Amino acid sequence: MAKKRMVQAINEGIAEEMARDPSIVLFGEDVEVSPIGDTRNLFERFGPARVRNTPISETVMTGMAVGAAAAGYRVICHLFYGNFIYTGFDAIANQAAKLRYMLGGQIRLPITFMAVIGGGRSVAAQHSDSMHPTLMNLGGVKVVMPGSPGDAKGLIKSSIRDDSPVFFLQAAGRGGESGEVPDGEYVIPLGKAIILRPGSNVTVVAIGSMVKPAQRACDELAKAGVSAELIDPRCVMPFDFDTVVDSVKRTGRLVIVDEARRTCSAASEIAATVTERTFGTLRAPARRVTVEDVAMPYSPILEKAVIPDHLRIMEAVRGLMQ
Amino acid sequence: MENMRLHSSTDRQPNDAAPASEAAAPAATTELLLAMYRLMLLIRTTEERLAKVQASGALPGPVHLSVGQEAVAAGVCVHLTDRDWITSNHRGHGHFLAKSGDLPRMIAEVFGRATGVCGGKGGSMHVADVSKGILGANGIVGGGIGLGTGAAWAEQLRGDGNVAVVFFGDGAANQGVMFEALNIAALWKLPLILVCENNGFSEFSPSATVTAGEIWRRAEPFGVPGLAVDGNDVVAVWRAAGTAIARARAGAGSTLIEARTYRLRGHVEAEMTFLSKAYREDAEIEARRAHEPLMQARRKLEQAGITAATFAGIEAEVLAQVDDAFKFAEESPWPAVESAYTHMFS
């Protein structure tokens, strides 16, 4: 166990997997120089056959990931900014998410699509989306969103080992945050949430980039005598509803914090399903704390206003407690 | 509004194109030509039966037939083994059969039955048999191009000399993914053969109205060899494909082949029941029928001494094979409803 930055943890996880499984290949735009840092030195270590820079051609890259996986390789396709998922979306939605199904299970598609998502760094609307709800709705892809460096390592390793297409979505701008990262073999099963702090008055589910402000909100609420249970789902597809339902049955209240836009956000789906399963025990309607239905603005003062922070989370919790 | 002339589907004839070198070209033996003829006849007989069955209302979904285009599938696939990959498009029955796909299970798939090659979950537009290197027909125009490029990359990594062939239409040649694939195939020297089956129509639009220039020339700026062949001459296709595939197996990279052919049936069966007007004249179809590939191959075989009795024997065998396949499909059970909920994830 040592303190590491999130990008180091991800890098370590990829390197460990590539060392243990020679069928893993990694490709993407600028993976060699690694502007994000998560693929740093992999080219030097594993060579040009297994680590390849690509042209900026997401349309063919996502299709190639499917073709190479169907032909027997374990593929990591780095798409850089999450918004470029849209550029390569045809092969994601029409091939990766459906080909195994359409072919009656003849193939496995072990693909990890990597991207950084979300706002907070003044890169404006075309580099700041949180598109995990779009991916959740495809049905045939898993969606992983780590909230800490340690989880990032355990989750990238299990994403790569998974035989289905997985989107590993790191919160943009959080790669430099440090945390304890277990050494060596450390694998977190996909679809298993973690209770970050126990509580009795309200359940707070925070996704990806929202874990950190939610932690701060819970700390401050505790000082005011409100005991919040904080859950990081870590994976939004499949989603660990059992852990959240179990918590809500104890607390009777639910707040979901999600950087997606409100309409059809992950928060909406979680609110609906958990409400269906806990209606009798809920003391108040579930609340969503999300970005409103706007694009991400550029100016820092506007962006700060749009992205949920600890104050908005606390406000939502207080609203439920009244 | 000006009355628009119905366009001739292919303005230029194959002899305008960069020719495959005749001098160095090997001759197809009579035995090989006969095998390719038999394969084309199997595809033709199967698809004409599908047309009939579709018209009777017995098929659950649409079918896109390749009648008139059989020489492309046959001339390319005789060079391939089960360890080579193909990807195809919505008009994929011929490619599937040419790559040794199982006929009864293909028909059962089109009928949506449990015995179908995809368990009834894919249908006509998704017939695939991965054990035979058939990564599938594909319902997205151009969808097979990325998959084939990835499969070619996988084979390059494996290093066993296997290749990937992408069959796509002239319509797909207007998808951006073709240019992205050409670029990356050239840079990485991928064992990828892009076979553009130019059948004259992009769905319901004559090629000349939607496609600028000549498709085979689109390889040139990338440094990828491009050539056009008469796609109705199975020997010409076989020869061009042989050169391209040998080149790919040797590690020398990709080739784009434009095989010029003609779609004798519609984009999709029964299309005139929903189109507001015709997009080609019957006279054009009839004129093209004189150049269809089976007749051309048969003429060559007759010149080589194949007798009418031999042809009759082949026809009877193929007919029996097709009869058996349709019988198998029609008698097969529907899939269990629970199977709708399997295979989303591994």
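A:Ser34 sits in the loop that links strand E2 (24-28) to helix H2 (42-46) of chain A. Helices (H or I, at least four residues) and strands (E, at least two) are DSSP runs, numbered from the N terminus. A:Ser34 is not a glycine, yet its phi is positive, at about 50°. The residue is buried, with a relative accessible area of 3%. Buried means under 20% relative accessible area, exposed over 50%, and partly exposed in between (1.4 Å probe, protein chains only). The model is predicted: local features need pLDDT of at least 70, side-chain atom pairs count only at pLDDT 80 or more, and totals for chains, interfaces and linings use all residues. Residues are numbered from 1 along each chain as its sequence is written, chains are lettered from A and ligands numbered from 1 in the order in which they are written, and side-chain values use heavy atoms, without hydrogens and water.

A:Cys264 also has a positive phi, about 60°, and is not a glycine. Its loop runs between E13 and helix H11 (266-278) of chain A. A:Cys264 is exposed, with a relative accessible area of 63%. Another loop of chain A, between strand E12 (235-237) and helix H10 (241-251), holds A:Pro238. The peptide bond that joins A:Met237 and A:Pro238 is cis, with omega about 0°.

Chain A contains an open sheet of 5 strands in the order E9-E11-E10-E13-E14, with mixed pairing. Strands E9 (194-197) and E14 (287-291) form the edges, and each pairs on one side only. Two strands pair if DSSP finds at least two bridges between them. The twist averages 25° from one strand to the next. Axes are lines fitted to C-alpha atoms, for helices over the stretch in contact, and angles run from 0 to 180 degrees between N-to-C directions. Strands E10 (residues 202-206) and E13 (residues 254-261) of chain A run parallel and are joined by 4 bridges. In this pair, A:Val205 has A:Ile256 as its bridge partner.

Chain B has 11 helices and 7 strands. Its radius of gyration is 20 Å, close to the 20 Å given by the globule rule for 346 residues, so the chain is as compact as a globular protein of that length. The radius is taken over C-alpha atoms, and the rule is 2.2 Å times the number of residues to the power 0.38. Buried residues make up 56% of the 346 residues.

An open sheet of 5 strands in chain B has the order E1-E2-E3-E7-E6, with parallel pairing. Its edge strands are E1 (85-87) and E6 (226-230). Within the sheet, 6 bridges join E2 (residues 164-169) to E3 (residues 192-198). B:Ala164 has B:Leu192 as its bridge partner in E3(B). Helix H8 (residues 234-249) of chain B lies across E3, E6 and E7 (255-260), at about 155° to E6(B).

Helix H1 (residues 30-55) of chain B has 26 residues and reaches 37 Å from its first C-alpha to its last, close to the 38 Å expected. The expected span is 1.5 Å times one less than the number of residues. After H1(B) comes B:Gly57, with a positive phi near 85°. B:Tyr37 belongs to helix H1 of chain B and is buried, with a relative accessible area of 3%. Beyond its neighbours within four places in sequence, B:Tyr37 is in contact (heavy atoms within 4.5 Å) with residues including B:Leu294, B:Leu301 and B:Phe311.
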